[in-house]
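Here is a note for a colleague who has the coordinates open. Please read the points below alongside the structure.

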Amino acid sequence: MSQSKANKLWGGRFADGPAALLEAINASIGFDQRLYPADIAGSKAHAAMLAAQGIISSEDETAIQEGLDTILQEIESGRFVFSAALEDIHMNVEARLAELIGPVAGRLHTARSRNDQVATDFRLWVRNAIDGFNEALKELQAALLDQAETHADAIMPGFTHLQSAQPVTFGHHMLAYVAMFGRDRARMRDARARVNESPLGAAALAGTSFPIDRKATALALGFDRPMENSVDAVSARDFALEFLAACAICATHLSRLAEEIVIWSSVQFRFVSLSDSFSTGSSIMPQKRNPDAAELVRAKTGRIVGALTGLSIVMKGLPLAYSKDMQEDKEPVFDAADSLSLCVQAMSRMIREMTVHTDNLLAAASAGHATATDLADWLARKLGMPFRDAHHVTGALVKMAEDAGGDLADLSLAQMRSIEPRMTEAVFDILTVQYSVASRTSFGGTAPKNVRAAIRAAREKL
C-alpha cells in the first residue's frame, strides 16, 4: 500500500509515496534523533557560511538561525514531535524549520546534501563520545591508582596460566591496568585526530558549484580541516570503525579486569570483596554474594566487539560513494558507546569500593613455590651456575618439597645439599616472598619502591 502523496522533501521525482514497509525499513529517526545537537550545530554553521559568502541574505540567515534555536529548545524540553514519515533527524528538523519560518527554510539546504550532512553529524557525535571516554577512563585510572597506592606493599601471587608464578604486589598488579587504560585513552585520542575532519560542503559526492567556504564551516564546528576529497568525505566510515575498534580493545581490557574480580571475590580465593552496591544475592541460596556487575562488564564486551564486526561487514562490499547501507552505521556505534560508557563507570565504582584482603593475598603468595625463580637466580648468581643448570636444580628441589608436602623454604639445608652440595644457609634469606618482591627493582618491576615511583609518574600523566 502506498501513501497518497510523495514525500514533500524529496518527492519531486515521484508521483506516489513509499510503501509502508519501505517507510518502516527506511526510517532512522528512532535512533538517529540523538544526533540532534550535531545536526543543528552543523546547520547553523552552514547557514552562517552561506550568508557570509553572499549565497543567502543576512535576513534569511537570521530567520534560519532563530528557527534552529527554537527547534533546539523544543527538542531539549521534550516538546518536539519526531515523525517516522520524515525518515531521519535531518528531515525532521528541516520540516519543523519550514513550519516555523516558511519557505525561507528551503534555502538552508543550498550547497548541501544529506550525505555530507549525516557524515558531519556523525563525526561530531563520535568526537564528543571520544572526549567523554577520555574523562571516564581517566577516572577509572585514578581509582586504580588509589588502590595501588594503598596496597603498594601488599604481596600477592603473580600468575601465568592462572598458576602461581612469582610474587608481585597488589599495587603493581593495579598499575598494569592503569597502563592498559592509558593506551586505550591514547587510541581514542589517535582516532579523534582522524575523526576531526569536516565532510560538510562535499554535498552529495562531487562538491558544489556554489562559492562555499568549507574551511569556515570546519572552523566553526571545531574541526581541524575540511576533508580533501568529496567522494571520500561522504563515503568514509573508517572513523566509526576505528572508534569501534578502540571501544572493543578497551572493553576487552575491562573484561579481563572483571574476570579477575570474579575470580578474586570467590570463596576459593577471597582476595577481594565487592561492596553491597555491586553485588547481588540469590533467590534460593542465602549465603550467595554474586559479582553480577563484574560479570555483566565481562559480557558486554561481546556486544561491543560484535558492533565492530557488524559494521565491518556492512562496509566491506560498498562501492563509492554513499549507499543506504550506511544507515546501519549508527546503531552499532551508539550501542557500543552506551555499553562501554556504562562498563567504565561501573568498573570505576567497583574498584573504588572494593575491599582488598591483604592477609589472604600474602598467604596465597607464600604457597605454590613462588620463590623458585629467586632460588634459580641465586644459584646462578652466587654459585656461578649456568641458568639452565640452576633451573634444573631448582626443579629438583621443588619436586622434593612437593613430595614432602611442603614448600621450598620448608626444606632443610641437608636436603638441599643432597641435590646441590654447595648450598649454604644464605639460601634461606632469599626464599621469602618479601625478599622476592623487594629484589625486583629493574625498570617496570614489582618492588614496592618501583610501584610508588610509578604511581607518582602516573598521577603526573593524569
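1. Basis of the note. This is a predicted model, in which local features need pLDDT of at least 70 and side-chain atom pairs count only at pLDDT 80 or more, while totals for chains, interfaces and linings use all residues. Residues are numbered from 1 along each chain as its sequence is written, and side-chain values use heavy atoms, with hydrogens and water left out.

2. The largest pocket. The largest pocket holds about 610 Å³ of space, and of the 21 residues that line it, Leu175, Ala179, Ala454, Ala458 and Lys461 are the closest to its centre. Here, on a 1 Å grid over the protein atoms alone, a pocket is an open set of points with protein on both sides within 12 Å along at least five of seven lines, a cavity is a set of points where a 1.4 Å probe fits but cannot get out, and lining residues have an atom within 4 Å of a point. Grid points are joined across faces, edges and corners, and a volume is the space filled by probe spheres set on the points.

3. What lines that pocket. Helix H6 (114-150), helix H7 (170-195) and helix H18 (448-461) each supply at least two residues of the lining of the largest pocket, and the largest share, 8 residues, comes from H7. Helices (H or I, at least four residues) and strands (E, at least two) are DSSP runs, numbered from the N terminus. By class, this lining has 12 nonpolar, 6 polar and 3 charged residues, where Ala, Val, Leu, Ile, Met, Phe, Trp, Tyr, Cys and Pro count as nonpolar, Asp, Glu, Lys and Arg as charged, and the others, Gly among them, as polar.

4. Aromatic pairs. A search of the whole structure finds 10 aromatic pairs; rings of Phe, Tyr and Trp (its six-membered ring) pair if their centres lie within 6.5 Å, and planes under 30 degrees apart count as stacked, over 60 as edge-to-face and the rest as tilted. Phe122 and Phe239 form an edge-to-face pair, at 5.5 Å centre to centre and with 75° between the planes. Phe122 lies in helix H6 and Phe239 in helix H10 (residues 238-264), so this pair ties together parts that are 117 residues apart in sequence. Both Phe122 and Phe239 are buried, where buried means under 20% relative accessible area, exposed over 50% and partly exposed in between (1.4 Å probe, protein chains only).

5. Phe170 and Trp264 form a tilted pair, 5.7 Å centre to centre with 50° between the planes. Because Phe170 lies in helix H7 and Trp264 in helix H10, the pair ties together parts that are 94 residues apart in sequence. Phe170 and Trp264 are also buried, and ring pairs link Phe159, Phe170, Trp264, Phe269 and Phe271 into a cluster.

6. Charges over rings. The charged end of Arg34 sits over the ring of Phe334, 4.6 Å from its centre, and Arg127 lies over the face of Phe223, at 5.2 Å from the ring centre. The rule asks for NZ of Lys or CZ of Arg within 6 Å of the ring centre and within 35 degrees of the ring normal.

7. Cysteines. The count of disulfides, meaning pairs of cysteine sulfur atoms within 2.5 Å, comes to 0. The sulfur of Cys247 is 7.3 Å from the closest cysteine sulfur, in Cys250, which is too far for a bond. Cys247 is buried, with a relative accessible area of 0%, and Cys250 counts as buried at 0% relative accessibility.

8. Backbone features to check. The peptide bond from Leu320 to Ala321 is cis, with omega near 10°, and Ala321 is found in the loop between helix H11 (292-315) and helix H12 (330-353). Glu87, in the loop between H4 and H5, has phi near 70°, a positive value in a residue other than glycine, and is buried with a relative accessible area of 6%. Ala111, in the loop between H5 and H6, has a positive phi of about 60° although it is not a glycine.
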